[in-house]
Amino acid sequence: MREPLIFEKSRPERKGCSLPECDVDQESLEKLIPKKYLRQGTLGLPHVSEPDVVRHFTRLSQQNMGVDTNFYPLGSCTMKYNPKVNEDIANLPGFTRVHPYQAEAVVQGTLQIIYEMDKLLCELSGMDRVSLQPAAGAHGELTSLMMIKAYYEDKKEERDTVLIPDSAHGTNPASSHLCGFRTVVVKSNKDGGIDLEDLKGKMSERVAALMLTIPNTLGLFERNILEVSRIIHDRGGFLYLDGANLNALLGIVKPSDLGIDIMHFNLHKTFSTPHGGGGPGSGPLGVKEKLAAYLPVPTVEKDKKGYYFDHDRARSIGKVRSFYGNIEVIIKAYCYLRFLGREGLKKVSQNAVLNANYLMSKLKRYFYLPYDQPCMHEFVLSAEDQKMKDVRTLDIAKRLLDFGFHPPTIYFPLIVKEALMIEPTETESKETLDEFVSSMIQIKKEIEEDPSLLKEAPHNLSIGRLDEVKAAKELKLRWEEKKSGD
Amino acid sequence: MEPKDLKYTETHEWVKVDKDIATVGITDFATKQLTDLVYVELPSVGAKVTKGSSLGVVESVKAVSDLYSPVSGKVVKVNEKLSKEPEIITQDPYGEGWMIKVKMEDQTELDTLMDSEEYEELVKKEKE
Amino acid sequence: MNPYIPNTEEDQEEMLKEIGAKSIEDLFASIPQNLRLKTDLNLPSSLSEMELVNELKGLSRKNAHLDEYVSFLGAGSYDHFVPSLVDHLSSRPEFYTSYTPYQAEASQGMLQATYEYQSLICKLFKMDVCNASLYEGATALAEAAVLAHNVNHGSKVLVAKTVHPEYRQVLTTYIKKTLGLSMIEIDCENGVTDLTKLEEKIDKDTSCVVIQNPNFFGCLEKVSEIEEITHQTDSLYIVSVDPISLGLLVPPGEYNVDIAVAEGQALGCKLNFGGPYLGIFTAKKEFLRKIPGRIVGETSDKKGRRGFALTLQTREQHIRREKATSNICTNHALNALRAAIYLSTLGEEGLAKVAALCLQKSHYAAKRIYQIPGFEPAFKRAFFKEFAVRCPVSPGKINKLLWDNKILGGFDLGRFYPELKNSLLFSVTEKRTREEIDKLTLLLEDIR
């Protein structure tokens, strides 16, 4: 049974909420607001009773897969377990019922958390300062590029180009372009790392930065990183790290030791905060001292009297969002880091990498592994071979839904045809991984014996494969009442 | 087999020349790459186009491709049918799927375009 | 091992055997030894759950919060009533532990809820199209200005000085420092945008005119007059609105706004010291293909069953890359869900009533305050739920007295507007009782 839209459950005179009567002397509307500014006609919102609202959204939730219900090996997203105690803590009224313009003296708790997160993230990355302001990874990238741009403007160096590997996440070129840079693509070599010759050829005094993801989107560590760093730094450029794949490196390497000058973190990936069905996340950015002056305002500082906001930073790029950061998300990540502590972080990466290699080792017997070498926390398979049976990665993904798994990331990175990017994370048990392997083996068999099972999947959900062409052509993007006569 | 009377670009557009009017569309290979087309954005009549510059986009569910003009000149006609039925491009890329007609400024620009044999070679290479 | 990692030593041994590695250390062989950390990170020691809770509760107690203090502070973040349903339903783990609905069939819950959010906002704003959310009000405004520039390539952005100061700062960063456009601020007169100054500054190079309504001072702008002036050129008319006010005030779709954005915090988001909030972004349908962020569309499966999917993804970063309409990937989906639940729960009647209560209570408070000698309205302009008061003594002194009496007082306007030194911006929502308002006025009477 499909759940109707909330509008379709509307009946006049139903109400979902009770509000108190007005307890002050009321004035007539027209006296307070000029008639031309008063809304005429209805708001267009539904009339639904409270039990109906509850049943509606509860039923909707039951049509949704989450980490709490399903294995979710989305490569590049790090869908790890979201600790419940962090939800409880972030929900304390002492954190949620705080107005952003309350005096600093009475918000010392949250200011301390922001300050300590800065220090904790610096310790694990080797950066000198971290800003907790950006609302997401892409926002952190954009802010970082703005800072790099401001740095070169101060130095009167004209650098208008950003280098980006062909395996990069789409936010990298999008953020660069939004910041006014032109982007030049750097090729990957046959081992999946940066093609050094290509890099040397493209590096120049016009290049402001090279944006790297380490490990890269193939799940492979950049072996030549020191050489890459030298090529960039010798000609005055910055090395930027997209920290989406940090789950492989905690306690193992420090980005600063790899030559990284500036980077962003994804709290909703590595640091266990929930993905929220698409957000909110948080994308703090870290810098070496060289760039610290350009950080967005305000930063959080500490003196004898306590924690305070510093709004007075002459070379700051300014503000990149209202208020101070996605505080609720920052608090959850802070809880995670405090819970794991120095002993726990390294084990996260060790087990994330172990789980990925285990899956890879089993699956490569059945599916083509274009880069056949030990991986880090994720790996990429290709369903190229299956194209012969007219089965595509998309079909494999849809069939996996029938087995109760959320599919891995598909068609990314772009340099692998029919890509299937798999990141199990460290919070999955061996039994789950084995189940996933069995399902993939079963699917391989189906490809050989009865490909229509895949091409018409999913079969077992409350909905079949959706027509995305129809969605793009008809563009029905909101509910509208049926006109009379329809 | 690509129509022999047409000229082709590296970016998979075709051109049919009739005196000083160039009709432009995209090739069969291009439509196969894009799969289901949902939208086409073309310039208006009267707009100026430049050889090598983007004149619009063609959109499928999973990709957007820029259309590059093979010639410079002024757009004199646009295939209005395509806005409602972009799938015509896939069905008949060299006929009903024509996109724009351009009054050419400089016919020598045609010399750098490929003929059908050269274009078939290019397609063969890309398929590898 | 920690409780979040299921692997036992036995599991690890079996897995290493399958891989053909001797130890976990071997798996990191691709990292050159000289790059490896030789010592443990210098982080605090791990904590048990109990210790973590104690430590964090201690930190939370260092914050004063609005369950202990009565708030008359607004200025972009408001203490509105949030029905209990919102927390309950949005904290269902199937919602909050899921990710972006790229696999539509596995995410019909989130997709339909987002489609409902888009629909509810379009109705409330009377705009053609609404996206699946941006981060918050300031970046939503910045994205609107970016869109305007993409449409008309204008080189100037005209912004009213009555737009929230932090929003103007964010606009400056995005527009001036990144795109290299110029930003011109339009002065205000009697609390609203000065139309004469606007007419002086607007020209054929103007990309957009940006106002906020109600504005930062709580006043209602002359929205129709500004629209006329704006559309005499090719500029886009961009307005940042208060969604609660739309329960009572004319919606942006009715005064020919091209892009209407909003801070959606008031629609069910917790105050959370400033974030995460909700960036609402709506536009006329002619701008559809240039809109940033995700959009959900209706479709069906082979059996004709209605379903929902992300659509127009080709505009987005993961496909269009450097030519994307924006760089946004992760958005604020869960807060959009909260807004959908809030609007569904309050419904037609409820939202209109909330707006009416805000209006009546704020005007009652203003009337009482202005009866006190020395306290005068800063502006003589119609307002919705916030109003600026010229005070006889410093805002600092007033707010200290109020704080000592468990009241969080208004915003010190002198912080952003030197000409409004000694003025406070008070906000009164539906939550404020007559008692609380009377207590406020009583204390203000004593201040002299």
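1. Residues are numbered from 1 along each chain as its sequence is written, and chains are lettered from A and ligands numbered from 1 in the order in which they are written. Because the model is predicted, local features need pLDDT of at least 70 and side-chain atom pairs count only at pLDDT 80 or more, while totals for chains, interfaces and linings use all residues, and side-chain values use heavy atoms, with hydrogens and water left out.

2. A:F57 is in contact (heavy atoms within 4.5 Å) with A:I6 and with several residues of chain C, among them C:L89, C:F95, C:A113, C:L337 and C:I341, once its neighbours within four places in sequence are left aside.

3. Helix 2 (residues 50-61) of chain A has 12 residues and reaches 17 Å from its first C-alpha to its last, close to the 16 Å expected at 1.5 Å a residue, where the expected span is 1.5 Å times one less than the number of residues. Helices (H or I, at least four residues) and strands (E, at least two) are DSSP runs, numbered from the N terminus.

4. A:T96 belongs to helix 4 (residues 93-96) of chain A and is buried, with a relative accessible area of 5%. Not counting residues up to four places away in sequence, A:T96 touches A:A90 and A:N91 as well as C:K270, C:L271 and C:N272.

5. For chain C, the assignment (automatic or from a database) gives domain 1 (9-49), domain 2 (70-81 + 349-445) and domain 3 (84-342). The C-alpha centres of domain 1 and domain 3 of chain C lie 46 Å apart.

6. The whole structure holds 75 salt bridges over all chains, each being a side-chain nitrogen of Lys or Arg within 4 Å of a carboxyl oxygen of Asp or Glu. A:R182 pairs in this way with A:D160, the closest N and O atoms being 3.9 Å apart. A:R182 lies in strand 3 (residues 182-186) of chain A and A:D160 in the loop between helix 6 (137-154) and strand 2 (161-165), so the pair ties together parts that are 22 residues apart in sequence.

7. The salt bridge between C:D258 and C:K284 has an N to O distance of 3.0 Å, and it links distant parts of the chain, 26 residues apart. C:D258 is buried at 5% relative accessible area, and C:K284 counts as buried at 18%. Elsewhere, salt bridges that share partners join A:R97, C:D67, C:D79, C:K431, C:R432 and C:E436 into one network.

Terms used
Buried < 20%, exposed > 50% of the residue type's maximum accessible area, 1.4 Å probe, protein only.
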